[in-house]
Amino acid sequence: SPQEHERGVRLGLLLREARGTRSMAEIAAASGVPAETLRKIETGRIVTPAFFTVAALAVGLGLSLEDIARHCSPAGQEAETALTA
């Protein structure tokens, strides 16, 4: 659905931002998620990754699941838009 796609894009942006200057290989090693899977999530080719994939990436990136959910929810997007406007 369009909503799932948009949520997946927001997730990819969040993960890319959280990764910063670290390589995908570094995050793959820390999380146990293949670098190619991370690449697909970051670029929006996988918009609905499995919960355990997201949880493993959260650990590897030092994010909480609550932060990810907040950032990726429609309400989180509206809050971010309001803050940057």
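Biologist: How many helices and strands are there in the protein chain?

Modeller: This is a predicted model, and its protein chain has 6 helices and 0 strands. Going along the sequence, the pattern reads α-α-α-α-α-α.

Biologist: What does the average pLDDT come to?

Modeller: The protein chain averages 88, and 87% of the residues score at least 70.

Biologist: Where does pLDDT stay under 50?

Modeller: That's residues 77-85. For that stretch the model has 4 contacts beyond four places in sequence. Where pLDDT is low, the predicted coordinates should not be read in detail.

Biologist: OK, what percentage of the residues count as buried?

Modeller: 33% of the 85 residues in the protein chain. As for the surface, the chain exposes about 5,100 Å², and carbon and sulfur atoms supply 59% of that.

Biologist: Let's talk about Arg19. Which helix is it in?

Modeller: Arg19 sits in helix α1, which covers residues 2-19.

Biologist: Is Arg19 buried or exposed?

Modeller: Buried, because its relative accessible area is 14%, and the cut-off for buried is under 20%.

Biologist: What is Arg19 in contact with, leaving aside its neighbours within four places in sequence?

Modeller: Met24, Ile27, Leu38, Glu42 and Leu61. Look at Glu42 in particular: its side chain and that of Arg19 meet in a salt bridge, at 2.8 Å from N to O. Glu42 lies in helix α3 and Arg19 in helix α1, so this pair ties together parts that are 23 residues apart in sequence.

Biologist: How many salt bridges does the structure hold?

Modeller: There are 7. Side chains of opposite charge can pair when their charged atoms come close. One of these salt bridges joins Arg39 to Glu36, with the closest N and O atoms 2.7 Å apart.

Biologist: How far apart are Arg39 and Glu36 in helix α3?

Modeller: They're 3 residues apart, so about one helical turn separates them. Arg39 counts as partly exposed, at 34% relative accessibility. Glu36 is partly exposed too, at 34%.

Biologist: And what about Arg70 and Asp67, how do their side chains meet?

Modeller: In a salt bridge, 3.1 Å from N to O. Both residues are in helix α5 (residues 65-72), and being 3 residues apart there, they are separated by about one helical turn. Arg70 is partly exposed, with a relative accessible area of 43%, and Asp67 is partly exposed with 35%.

Biologist: Which residues do salt bridges that share partners join into one network?

Modeller: Arg16, Arg19 and Glu42.

Biologist: Is Phe51 buried or exposed?

Modeller: Exposed, at 52% relative accessibility, and Phe52 is exposed as well. Phe51 lies in helix α4, residues 51-61. Together with Leu65, Phe51 and Phe52 form a nonpolar patch on the surface, with about 360 Å² of accessible area between them.

Biologist: Last one: where does Pro34 lie?

Modeller: Pro34 is in the loop between α2 (24-31) and α3 (35-42). It's partly exposed, with a relative accessible area of 49%. Its C-alpha atom is separated by 8.7 Å from that of Met24, which is 10 residues away along the chain.

How values were computed:
Residues numbered from 1 in each chain as written. Predicted model: local features only at pLDDT ≥ 70, side-chain atom pairs only at ≥ 80, totals over all residues. Heavy atoms only, no water. Helix = DSSP H or I, 4+ residues; strand = E, 2+ residues; numbered from the N terminus. Buried < 20%, exposed > 50% of the residue type's maximum accessible area, 1.4 Å probe, protein only. Contact = heavy atoms within 4.5 Å. pLDDT = per-residue confidence, 0-100. Patch = residues over 30% accessible without salt bridge, like charges linked within 9 Å, V, L, I, M, F, W, Y side chains within 5 Å. Areas by Shrake-Rupley, 256 points an atom, 1.4 Å probe, with all protein chains shown as cover. Salt bridge = Lys/Arg side-chain N within 4 Å of Asp/Glu carboxyl O.
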